[in-house]
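The sequence and structure are shown first.

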Amino acid sequence: MSTGVLIVIIAAIIAGLVLIFGLWVWIGYNKFVKLRNDVDESYSTMDVYYKKRYDLIPNLVNTVKGYAKHEKETLENVMAARYNAMNATLSNRAQEENALSSTLKSLFKLTENYPDLKADKNFMSLMNTLQNVEDEIVSARKYYNGCVKILNTKCETFPSLILAKWFKIKKRPLFEVEDAVERKNVKVEF
């Protein structure tokens, strides 16, 4: 074999390797873009449900006020938690949303002391709507966490972690239960 043919073969191999590498980078980057968009979309879905919850809370609080005038502190805590959650930054959003969920639980417990309140149709309608929104939030958090898990795994596994570092694609935080009490098994006693 002549040196000219050998050079052509080596050049073709190098060109093929460069082409394969370029395709790997192109496909890998596009996968990261898709995953990042999935995470952003799932976060936006949660935002929609949070907005629905924020809109329901004042109506619920005003209904409860009429029946439980001396429960002012609980109602103020709910409204303060709502305000904090609405104005949370990305870094503390999960913490503020978990705090709002906790204060809503105290509002639900408060209603057990007022049988007339439980009989109010407007209140029951608001409670049912809020419960549906809470269920939707749980589903949206599961979807968000699933999308984040896929993105984070891609950012941490070889060889895609190379692309993640090149393109400065960062891991995203999961929505987690922060209250240790909520993680414990429920104790049922008869």
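Helix H2 (residues 72-86) comprises 15 residues and reaches 21 Å from its first C-alpha to its last, close to the 21 Å expected at 1.5 Å a residue. The expected span is 1.5 Å times one less than the number of residues, and helices are DSSP runs (H or I, at least four residues) numbered from the N terminus. This is a predicted model, in which local features need pLDDT of at least 70 and side-chain atom pairs count only at pLDDT 80 or more, while totals for chains, interfaces and linings use all residues. Residues are numbered from 1 along each chain as its sequence is written, and side-chain values use heavy atoms, with hydrogens and water left out.

**Packing of H2**

- Thr74, Leu75, Val78, Ala81, Arg82 and Ala85 are buried in H2 (buried means under 20% relative accessible area, exposed over 50%, partly exposed in between, with a 1.4 Å probe and protein chains only).
- Seen down the axis of H2, its buried residues fall within an arc of 125°, so they line one face of the helix; the arc is that of the directions from the helix axis to the C-beta atoms.
- These buried residues pack against helix H1 (3-67) and helix H3 (93-111), where contact means heavy atoms within 4.5 Å.
- The exposed residues Lys72, Glu73 and Tyr83 are carried on the face of H2 turned away from its buried side.

**Nonpolar surface patch**

- Val5, Ile9, Ile13, Leu17 and Ile20 make a nonpolar surface patch of about 460 Å² (patch residues have over 30% relative accessible area and no salt bridge, with nonpolar side chains joined within 5 Å; areas come from the Shrake-Rupley method with a 1.4 Å probe).
- Isoleucine 9 is found in helix H1 and is partly exposed, with a relative accessible area of 36%.

**Salt bridges**

- The count comes to 9 salt bridges, each a side-chain nitrogen of Lys or Arg within 4 Å of a carboxyl oxygen of Asp or Glu.
- Aspartate 38 and lysine 34 form a salt bridge (2.7 Å, N to O); they are 4 residues apart in helix H1, about one helical turn.
- Glutamate 136 and lysine 52 also form a salt bridge (3.3 Å, N to O), and this pair links distant parts of the chain, with glutamate 136 in helix H5 (residues 121-156) and lysine 52 in helix H1, 84 residues apart.
- Arginine 93 and glutamate 97 meet in a salt bridge (3.2 Å, N to O), and both are buried.
- A network of salt bridges links Asp47, Arg53, Arg93, Glu97 and Glu134.

Note on methods: Helix = DSSP H or I, 4+ residues; strand = E, 2+ residues; numbered from the N terminus. Patch = residues over 30% accessible without salt bridge, like charges linked within 9 Å, V, L, I, M, F, W, Y side chains within 5 Å.
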